[in-house]
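Here are some notes to keep beside you as you look through this structure for the first time. Take the points in order and find each place in the viewer as you go.

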Amino acid sequence: MQVELKDIGKKYEGRENFTLRHIDLLIEEQSFCVILGPSGCGKSTLLRMIAGLNSITEGELIFNGKLMNKVPPKDRDIAMVFQSYALYPHMSVYDNMAFSLSLRKEPKEVIRERVLEAAEILQITEYLYNKPSDISGGQRQRVALGRAMVRKPRVFLMDEPLSNLDAKLREHMRVELVRLHKNLETTTIYVTHDQTEAMTMADMIVLMNDGKIMQQGTPEEFYHHPENLFVAGFIGSPTMNIYPGAIKDGAFHSSGGALVVEPSEKDAQALAPYEGKEVHMGIRSERILSGVEEKNTFQAEVDVIEMLGKEKLLNCKLQDGSDIVISVPGYFEYAVDEVHNFHFDLDALHFFDSETTERIGS
Amino acid sequence: MKKKKEGLYLSDRPPLSPLGKVLLVLSYVVLAIWSIVILWPLSQMVISSVNGTQTKNITMGRRFAFSLKHFEYLFNETNFLLWVRNTLFIAVATALLTLVIVSFTGFAYSRYRFKGRRMSLLAIMLIQTIPTFAGITAFYTMHSIISGFAPFFTRQLLLIFIYAGGGIASNTFILKGYIDSVSTELDDAARIDGCSNMQVYRLIIMPIARPMLSIIALWSFIGPFMDYMLAAILLTNNESLTLAPGLFTLINDTRTMNQPAFAAGGLLTAIPIIILFIALQNQLVSGLAQGSVKG
Ligand SMILES: Nc1ncnc2c1ncn2[C@@H]1O[C@H](COP(=O)(O)OP(=O)(O)OP(=O)(O)O)[C@@H](O)[C@H]1O
Ligand SMILES: [Mg+2]
């Protein structure tokens, strides 16, 4: 089902300001849309409005061309997985999963068939007659998914469903969820504050901050073309190196003075109107190359080394004392306190207008 | 061979010091005295009620001869069975009424934000502090007005409303607190699954809050058994009395005086309450809310 949000806004009763405002979003049929953002930015609020659990203060929510603003949750043909799983503690796993169907007075055999089918897919057949309190966190999570699945909804809503699992299980469930989404082909809207989840699972990411959408697009677009400083700083681990500075004579001079970068032809064109103005320059750690080039070379002193296995993160200090993180392949040998020469991969520079924080160029 | 443990251990704590041992002995002594103070009159009551040699006034140190004649007297010569029926009727009705009302108020106060929520909660709490007895004239007037056009509104019905009404405020508070501890995500999940507001309560919240509801039911059920004053004042006809004032007629009125029968009646009164306790004991075990949300 296609989900469309038109200029959606939400103001909680008793609050002065809008928690969310001017949210425009088009979520395509069968896509896996991840709503990403720091804590408190209004992700859950948005999801709950789509679910019908919170009222919509302004704007229009449209499912497949039909206005949904006033439709109660049970008639929206959605299912939701909660962060706390919200399993009914007094019912067995089977009854939890069967609950929505039995409320709709489906025949017993149909219910049984659907529950068993979902249990089969999620591998929880063994626990069907246990109470939620008697199974592990990961299993509960599956039950919550199963409860959503048996209804065969047209939209899946998930609010940080993996945040209570340990790292290993989370990794596993990420893949599992993507696989599930492939099989079911249901439109999925998934809320998280974990950018790894967003990058690995999404067809489309919507990054929010402070009640506004910062950028929407594919994971690639997010990584390679952050549209503003917030996105650049939020997406990617380690965080992108970002330096304030100004354009002088077509070159970027960082405000500390340690970096002077002559941008590529393409960037230079886009930067032409910014001559003499303040801009931020960003570069990802893996796009910094070691060695000396005729231009744009800088020196950095290795401060701390983080060994991640396949790569090493060098936390370095520039000559003016500012930090830079450089990632190099794990087998390269570096030692703390050494000074090395590095230069930039000019195709990977990002420039942002310091005033508006918007991206310069494409 | 197992090494014998030195010292005296209480549960999983370090061994007791000499002072600790003295205190332990002391606390046992206190507990023993306490139970004697409680158990001795009780045992006297039980013994007297089956002692055939006791006459109208119970006197200590009489010869013991087992007999059920006091029970016979109770059943044949007094309105004891009527009193039991009245009390059961009032108690059951009170418990049911309390449960229904408190279910609504507790759920509403816990889950809904409405105008005057805080104020009304405060108000019923304040009104509660006025002793029920102070309203007795109001109850009289109310009763005479209502029974004027609705003759079926008996004094007993009035009593039910007073008992139920009296417990509403505190019970609402207790139930609200309990429901507050149940995650609202359960409500949300139930709503998405297709529950109406009533169904959210009936199918999800009520089963989870059952331990609390059982306690509330038990308290309101016991109330009419224990209350003497209101029943004695409002119910004037001997046939419509509840157990407490009914049995009281056996010890305060020289014409109907029969203390051993009073003891027998008191003994029998305990039975329905004990039955209820046993029936509810599984429900009273709480902890159902565990495992619903990841802890
Ligand atoms: N019921 C409510 N009444 C009033 N304000 C609320 C309510 N629920 C949330 N808010 C406010 O709305 C803002 C957004 O909350 P929301 O729960 O949507 O954040 P979130 O992005 O989901 O954060 P998190 O990642 O921590 O879950 C917060 O400032 C919060 O205080
Ligand atoms: Mg949230």
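1. Helices (H or I, at least four residues) and strands (E, at least two) are DSSP runs, numbered from the N terminus. Two strands pair if DSSP finds at least two bridges between them.

2. A word on what you are viewing: this is a predicted model, in which local features need pLDDT of at least 70, side-chain atom pairs count only at pLDDT 80 or more, and totals for chains, interfaces and linings use all residues. Residues are numbered from 1 along each chain as its sequence is written, chains are lettered from A and ligands numbered from 1 in the order in which they are written, and side-chain values use heavy atoms, with hydrogens and water left out.

3. Strand S16(A) (residues 297-307) pairs with strand S17(A) (residues 311-318) through 7 bridges in the antiparallel sense, and Val302(A) has Cys316(A) as its bridge partner in S17(A). There are 3 residues between these strands, and in this hairpin Gly309(A) has a positive phi near 100°.

4. S17(A) also runs antiparallel to strand S18(A) (residues 323-329), joined by 7 bridges. Leu314(A) sits opposite Ile326(A) in S18(A). The hairpin of S17(A) and S18(A) has 4 residues between the strands, and there Gly321(A) takes a positive phi near 95°.

5. Now turn to an open sheet in chain A: its 4 strands come in the order S2-S1-S4-S5, with antiparallel pairing. S2(A) (20-27) and S5(A) are at the edges with a single partner strand each, so one side of each has no neighbour in the sheet.

6. Within that sheet, 5 bridges link S1(A) (residues 3-10) to S4(A) (residues 58-63). Opposite Gly9(A) you will find Glu58(A) in S4(A), and opposite Leu5(A) is Leu61(A). S4(A) is joined to S5(A) (residues 66-67) by 2 bridges, with Ile62(A) partnered by Leu67(A). In the hairpin of S4(A) and S5(A), with 2 residues between the strands, Asn64(A) has a positive phi near 45°.

7. Two backbone details deserve a look. Most residues other than glycine have a negative phi, and most peptide bonds are trans. Gln30(A), not a glycine, has a positive phi of about 65°; Gln30(A) lies in the loop between S2(A) and strand S3(A) (32-36). Ser237(A) and Pro238(A) are joined by a cis peptide bond, with omega about 0°, and Pro238(A) belongs to the loop between helix H8(A) (229-234) and strand S11(A) (241-248).

8. What surrounds ligand 1? The residues near it (a heavy atom within 4 Å) include Tyr12(A), Arg15(A), Gly40(A), Gly42(A) and Thr45(A). By class, this shell has 2 nonpolar, 6 polar and 3 charged residues (Ala, Val, Leu, Ile, Met, Phe, Trp, Tyr, Cys and Pro count as nonpolar, Asp, Glu, Lys and Arg as charged, and the others, Gly among them, as polar).

9. Oxygen atoms of ligand 1 come 2.5 Å from a side-chain N or O atom of Ser39(A) and 2.7 Å from one of Lys43(A). Glu160(A) has a polar side-chain atom 3.2 Å from a ligand 1 oxygen. Alone, ligand 1 exposes 630 Å², of which the protein buries 62% (accessible areas by the Shrake-Rupley method with a 1.4 Å probe; for residues, only the protein chains shown count as cover).

Note on methods:
A polar contact is a pair of N or O atoms within 3.5 Å; within protein, one must be able to donate a hydrogen and the other to accept it, and residues adjacent in sequence count only if both atoms are side-chain atoms.
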